[in-house]
Amino acid sequence: MTLDDPFAAAWAVVLDGSARDAYAGAVALVLNRRGVVLRAATGWACREPERIPMTVETVFDLASLTKVVAPLPCILQLVALGELDRETPVRTVLPPLRAAPWSGRVTVRQLLSHTSGLPAWLPLYLRAHSPDEYLVAIAQTELVAPPGTQVIYSDLGFILLGEIVRSLTGHDIATLARREVFAPLGMHATCFRPPPDLRPRSAATERGNAFERSRAGPPGARYTRWREAVIWGEVHDGNAFYGLEGIAGHAGLFAPADELARFAQFWLDHGRWEGRQLLPSSLVSEATRPQAPGRGLGWMLAFSGTAAARGLHPTAYGHTGFTGTSLWIDPERELVIILLTNRVHPVVRDGIEAVRAAFTEAVARAAREVG
C-alpha cells in the first residue's frame, strides 16, 4: 500500500487504534468490484502466555458474528427446502419448549429478527450443562416484551435457532454449516471448536473470564472452577463454552478474514458461488431488508443509523462481535469491509466502537473516490 492509496487513510485508522491500545492486534480486509484493495495486519495475535504477531491468516473468535455466518444461512437453506417455515412457532420445532407459555406465540422469524421478546442474555451455564438443559432453562424464562413488539438483541434467540437446526436435521450447527456452507465456499479454516493445531494461528482472548466468575453465584453453583488462564483456541463466550461445548447458534465460530470475505462475496452474489445457487436470491433479499427497526433476518441494517456503518449506503448490512470483530456488506458499491481485532486480550478494552465507525467511514470515503 502506498501513501497516496485512497485506502491508506482507512488503514491509518486501524494503526491509530492499535497505538492507543484499543486492541492487541487487528486484521483489516476490504473488497470492492476491483478485488481486494486492503489486506493488512498489525499488532499481536497473542501477548501472553507467549508473543505471537498478528498476520492476515490469523483465525479469530468471531463471537456474535457467528449468528450470521453459521445459523442464518443454515436456517434459510431449511426454509428453501421446505423443511421450515419462517412463521412456525418455536414449540412446533423444539418440543422441550412446549412447557413455555410463550412458545406458541414466538416464531422463527421473530428469533431471526430479534423480536421474540426473549431477554438479551442470561448466565444459563449456572443452571444447565447440556443443550437439552439449556432449552429447559430458556423455557422457564419469562419474556421481557410481547413477541413482535420491539427489537431486543438476544443471544437466547440464536441459541434456540442453533437447536432448531439440530432438531430438524439431526446434526449440530457445526456439522451442518461445515457441510452446507463452509465446504462449498472453500472456508476450510472456519470452524467451531478449533483443533489443537490451529491454536498457534488463533488470536487469543481474555485472561480467564472475570465476567463468568462475577456471575458464579452462591456456593454450590454447578461450575466452581472458572477459566483462569488466557482463553486461546476456545470460545470466549461462557454460555457457548460451558453448556454447549463450544458449538452454539449465538457464538463459538472461528474464522480468518480471507474466508469471511468469501462468505461476504457469496451474499453480494445473491446466494450464488462458482455457478451454484447455494441460497435462493429471494431469501438473500428478504434477510437483508427491514423485518423490524434496524434489523433484517440476522443482519443489522445500515439505514438504522448505527455508527458501525457510518458512510455506507442505506442498503448495507452487517454484524459485530464482542471480541472485536465486524463485517459490513454494501451491495450498492459492491463493497465488503472486514475488521477483526482481539480487543478482549488479555483484558477487555473499550474504544472499539469508535475505531469501527472511523474505519468504516474512511473505507466508504475511499470507495467513493475510486468509483
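Colleague: Which residues of α3 are buried?

Modeller: Happy to. This is a predicted model, in which local features need pLDDT of at least 70 and side-chain atom pairs count only at pLDDT 80 or more, while totals for chains, interfaces and linings use all residues. Numbering starts from 1 along each chain as its sequence is written, and side-chain values use heavy atoms, with hydrogens and water left out.

The buried residues of α3 are Pro 71, Leu 72, Pro 73, Cys 74, Ile 75, Leu 76, Gln 77, Leu 78 and Val 79. That is 9 of its 10 residues, and the helix is mostly covered. Buried here means under 20% relative accessible area, exposed means over 50%, and partly exposed lies in between, for a 1.4 Å probe and protein chains only. Helices (H or I, at least four residues) and strands (E, at least two) are DSSP runs, numbered from the N terminus. After α3 comes Gly 82, with a positive phi near 80°.

What covers the helix? The buried residues of α3 pack against α2 (66-69), α5 (108-112), α7, α8 (173-185), α11 and α12 (281-287). A contact, throughout, is heavy atoms within 4.5 Å.

Let's take α7 as the partner to examine. Two packed helices are described by the angle between their axes and the distance between the axes. Here the axes are lines fitted to C-alpha atoms, for helices over the stretch in contact, with angles from 0 to 180 degrees between N-to-C directions. For α3 (residues 71-80) and α7 (residues 155-169), the axes come within 10 Å and cross at roughly 45°. That makes α3 oblique to α7: under 35 degrees would be roughly parallel, over 145 roughly antiparallel, 65 to 115 roughly perpendicular, and the rest is oblique. The crossing is left-handed, a term for the near helix being turned anticlockwise from the far one by less than a right angle (right-handed if clockwise).

From α3, the contact uses Pro 71, Cys 74, Ile 75 and Leu 78, and α7 brings Phe 158, Leu 161, Ile 164, Val 165, Leu 168 and Thr 169. Sorted by class, the contact of α3 with α7 has 9 nonpolar, 1 polar and no charged residues. In that sorting, Ala, Val, Leu, Ile, Met, Phe, Trp, Tyr, Cys and Pro are nonpolar, Asp, Glu, Lys and Arg are charged, and the others, Gly among them, are polar.

Helix α7 also packs with α6. The axes of α6 and α7 are 11 Å apart, at an angle of about 130°, and that makes α6 oblique to α7. This crossing, too, is left-handed. Pro 131, Leu 135 and Ile 138 of α6 meet Leu 156, Ile 159, Leu 160, Glu 163 and Arg 166 of α7. By class, the contact of α6 with α7 has 6 nonpolar, no polar and 2 charged residues. Within α6 (residues 131-139), Tyr 134, Leu 135, Ala 137, Ile 138 and Ala 139 are buried, and their cover includes α7 and α10 (238-242).

Finally, some backbone details for your checks. Ala 63, in the loop between β4 (59-61) and α2, has a positive phi of about 55° although it is not a glycine. Ala 63 is buried, with a relative accessible area of 9%. A cis peptide bond joins His 345 and Pro 346, with omega about -10°, and Pro 346 sits in the loop between β12 and α13.
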